[in-house]
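Good morning, and thank you for coming. Please look at the sequence and the structure on the screen, and I shall then take you through a pocket and a core.

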Amino acid sequence: SESPIAGVTAQALCHAIKQNNPSFHVEYVPYEHDFKSLIARVEKIVSNNDLLLIQGAGKINLLAQFLQK
């Protein structure tokens, strides 16, 4: 496991994207252990042709498999 880098967070990335691209809709959705509620939140936000950036380590990579269905 890597040590965190101060100031480098998903929230900071979302903020930077919003500042540099004000027309982009950017929303931070924190990880939840219950994939069903996480998927429900993501499905309310994401539409066809949107870019969904999933960042993290561990089980978060499984989220993409659930969202493809």
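On a 1 Å grid over the protein atoms alone, a pocket is an open set of points where a 1.4 Å probe fits, with protein on both sides within 12 Å along at least five of seven lines. Grid points are joined across faces, edges and corners, and a volume is the space filled by probe spheres set on the points.

This is a predicted model, in which local features need pLDDT of at least 70, side-chain atom pairs count only at pLDDT 80 or more, and totals for chains, interfaces and linings use all residues. Residues are numbered from 1 along each chain as its sequence is written, and side-chain values use heavy atoms, leaving out hydrogens and water.

The chain's average pLDDT, the predictor's confidence in each residue from 0 to 100, is 88.

How many residues line the largest pocket? There are 27, and Cys14, Glu27, Leu52, Leu53 and Ile54 lie nearest its centre; a lining residue has an atom within 4 Å of a point. The volume of this pocket is about 920 Å³.

Let us turn to the core. A nonpolar core joins buried Ala, Val, Leu, Ile, Met, Phe, Trp, Tyr and Cys residues through side-chain atoms within 4.5 Å, where buried means under 20% relative accessible area (1.4 Å probe, protein chains only). The largest one consists of Phe35, Leu38, Ile39, Ile60 and Leu63.

Key: Buried means under 20% relative accessible area, exposed over 50%, partly exposed in between (1.4 Å probe, protein chains only).
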